[in-house]
Amino acid sequence: MGSVGQNSVSVPSGREDEDKDTVMVYVKAGVDGERMGACPFCQRVFMVLLKKAEHGILKFKVITTNPAKPPPEFKTLGLKHVPALIHGDEGYDALDDIIYYLDSKFPGGGLEYNNPEADLATKDFFSKFCFYIKAVNQDPTKLDQALLRLNQFLERPHAVNGLSNGDVKYQGSPNGHKTPPDHEPSMYLCGDHLTHLDCEVLPKLQHLRVAAKALKEYDIPTNLPGIWRYLHAAYTNPIFVRTCPCDQEIVLHWHDRPETPNLSHKKHSLIAKEKPKYSYDVPVRASVVTVVDECE
């Protein structure tokens, strides 16, 4: 695109030309105006696109843009926010509408799930994090409790169809009898592959990990092995790694919010100029360590 602050991030189809079949998705630009910024909702959409593209369902292009200086097509289609999707003459900038459009127009990709208990287990941790990061109070008790609930769910053995223990027959259970499962906990929330829920939760969990450490010196406890195992799965998944913003972008995203402590202009500038780094390590006490090489 011709506007300053926009950059082609990904064209999984391998084609540089755009046509009416290409899904155009606009995401938040980073502080340099080019790299991907830190927006968990933008990363969620990017992950969904890559997952569907893996199955050959669609071709797409992601463009980083400054929401304060949107491209002309935003005005034409009445779009005001990122993430935003444009496909032909249709445009959407509400997250739920974007996900619905992608699923209805390009069904498939293995993202569907049916797991009320997983929804419940992941319900509160991000709102507790947001309150904690903004509050003067240093007490992380409510955040700890929300993470504990998530960890307890992630520690449960894998069940058929991504449903919770007690709701359906376990894998390997003859005739559906509820015998104790001998399976390890699954890699992700609803099984051993990414679903829509993982695309929603993992970006938020990474923001929590990086921003809480930078702003509050808070670390996800090492006695929550389910969460660390879950993060380990994300850090070794190319879809998550490809879409994850660097630590500096996450830190600046939360520092720049009006409810959180502001950085001095000098400190802000120094962080923005640092070589991008990514927190992909896992504590030894929580799980086996796997370090993913840093990339620009």
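**Strand β2 and its partners**

Begin by selecting strand β4 (residues 84-87), which runs antiparallel to β2 and is joined to β2 by three bridges; strands are DSSP runs of E of at least two residues, numbered from the N terminus, and two strands pair if DSSP finds at least two bridges between them. Here Leu 85 of β4 stands opposite Val 25. The model is predicted: local features need pLDDT of at least 70 and side-chain atom pairs pLDDT 80 or more, whereas totals for chains, interfaces and linings use all residues. Residues are numbered from 1 along each chain as its sequence is written, and side-chain values use heavy atoms, without hydrogens and water.

Next, select strand β3 (residues 60-65), which pairs with β2 in the parallel sense over six bridges. Phe 60 in β3 is the bridge partner of Val 23.

**Helix α1**

Now select residues 40-54, helix α1; helices are DSSP runs of H or I of at least four residues. What encloses α1? Because 13 of its 15 residues are buried, α1 is largely enclosed by the rest of the structure. Gly 56, with a positive phi near 70°, follows α1. Finally, display β2, α1 and β3 together: they make a right-handed β-α-β unit, meaning that, with the strands pointing away from the viewer, the path from the first strand over the helix to the second runs clockwise.

Methods
Expected span 1.5 Å × (residues − 1). Buried < 20%, exposed > 50% of the residue type's maximum accessible area, 1.4 Å probe, protein only.
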